[in-house]
Amino acid sequence: MAMRDTAPALDVDAIRADFPILAREVHGRPLAYLDSAATSQKPRAVLDALTGFYATSNANVHRGVYTLGVESTEAFEAARAAVAGLLNAASTREVVFTRNATEAINLVAQTHGRATCGPGDVIVSTVLEHHANLVPWQVLAEQTGAELRFLDIDDEGHLQLDGLDAISRAGRVRIVAVTHQSNTLGVRPPVAELVRWAHAQGAAVVLDAAQTVPNRPVDVQALGVDFAVFSGHKMLGPTGIGALWGREGLLQAMPPFLTGGEMIRSVRLDRTAWNSLPWKFEAGTPAYAEAVGLHAAIDYLQGVGLEAIDAHEHAITAYALERLAEVPGLRVVGPADADARGGVVSFVLDDVHPHDVAEILDRHAVCVRAGHHCTQPLVERLGLAATVRASFYLYTAPDDVDRLVEGLLDARRVMGV
Ligand SMILES: Cc1ncc(COP(=O)(O)O)c(C=O)c1O
């Protein structure tokens, strides 16, 4: 079976040649890396940007007046401008570097959330969320006395909005936190409708874009959300760098998150004045070398084209759904329609434990995730304890999917099902 020809020309072979790790073998077989929803592999351009920066320009940012310090600061702020451009932010003042998406959500919860939520208020999230977009709201609710309510899904994972009226009667809705794409099911919630509803309630919308900034155009102004977060490591960048985008007026009004150096304008023994945006939220030495790596990743993704990457993921997902249907006893979880999901497919195989499936696939050098994928309430809502998850990216070739299917047929033989 061949992959349908609906994808625009993405030269996957040429792209794969840019990723040194894809040339390695595991257990004597070429690698089939199908865990990009957890983290992406890195192209040579990103590796070179990191080593090049350390080899030529390393110095702490915003401090040295000497040439290296100036170069380093310029490179760091150029990375911020690249993120602002990627997200279509109105200004670089709206882009705060964080360690990852998780830290960015905690930042919003502990600053905007602490400042705006109290008893009688409601925080809304969904059962689709990654723990990163769930636990911080639980903690905020406990800290402030606000109530945390969850929107449910149907059995395919589509978000149900019929609970909104009851939620708005429960109190003043302050925050609506929703994923742009589920990391477990690939399903994409109706963000535009939620934004309209949330704003009619006077609530701010926090968009967890960890699974979409890597693979399709994300325009924060067109989406109309108030905050958006992502992690660099899922979009070809290094670990240790992510970002929070927030509307400037909201960020201005928020107290700092972490305190210390860099985030101050002046410090006296009895009082401190905060730095201006976005540095008010960047305490301590930032991950400036990682920001340079992220900049190279953004350049690489934009060079390939985010629309083309999205289309490729759709095509490879459709191909995977077709091929997985050939495996007896395999049940795909989530939307049956490939158009209703991004490049993520979760499934279960008869009664075989997902960890056993993943282990057998590893013998075939096929890398997949098994477990609850940091979405325990979602997996339980679907009546499961765990799934196997294969996830795709711009470097995923049809051959990777074929190898997955071969491995799964072998897993059936090995487990005697
Ligand atoms: C949808 C979603 N949100 C948030 C996160 C958290 O990302 P990080 O661990 O990089 O903070 C992930 C990571 O898997 C994710 O898939």
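Helices (H or I, at least four residues) and strands (E, at least two) were taken as DSSP runs, numbered from the N terminus. On this basis the protein chain holds 14 helices and 17 strands. The radius of gyration of the chain, taken over C-alpha atoms, is 22 Å. This is close to the 22 Å that the globule rule (2.2 Å times the number of residues to the power 0.38) gives for 417 residues, so the chain is as compact as a globular protein of that length. The structure is a predicted model, in which local features need pLDDT of at least 70 and side-chain atom pairs count only at pLDDT 80 or more, while totals for chains, interfaces and linings use all residues. Residues are numbered from 1 along each chain as its sequence is written.

A residue was classed as buried if 20 or more other C-beta atoms, placed from the backbone, lie within 10 Å of its own, as exposed if 12 or fewer do, and as partly exposed in between. Of the 417 residues in the protein chain, 49% are buried. Contacts were assigned to residue pairs whose C-beta atoms, placed from the backbone, lie within 7 Å. Among contacts with a separation of 6 or more, 71% join residues 24 or more positions apart.

A nonpolar core was defined as a set of buried Ala, Val, Leu, Ile, Met, Phe, Trp, Tyr and Cys residues joined through C-beta atoms within 7 Å. The largest such core has 124 residues, and Val 176, Phe 227 and Val 229 have the most contacts inside it. H10 gives the most to this core, with eleven residues. Domain 1 (12-43 + 305-415) and domain 2 (48-302), with bounds from an automatic or database domain assignment, both contribute residues, so the core lies between them. Beyond four places in sequence, Val 176 touches Val 124, Leu 194, Ala 198, Ala 203 and Val 205.

In helix H2 (residues 44-56), the buried residues are Val 46, Ala 49 and Phe 53. Seen down the helix axis, these fall within an arc of 55° (taken from the directions from the axis to the C-beta atoms), so they line one face of H2. They pack against helix H3 (67-87) and helix H10 (288-304). The face turned away from the buried side carries the exposed residues Thr 51, Gly 52, Tyr 54, Ala 55 and Thr 56.

Gly 242 is found in strand E10 (residues 242-246). Gly 242 is buried, with 29 other C-beta atoms within 10 Å. Its contacts beyond four places in sequence include Ala 101, Glu 103, Val 229 and Phe 230.

Methods:
Two residues are in contact if their C-beta atoms, placed from the backbone, lie within 7 Å.
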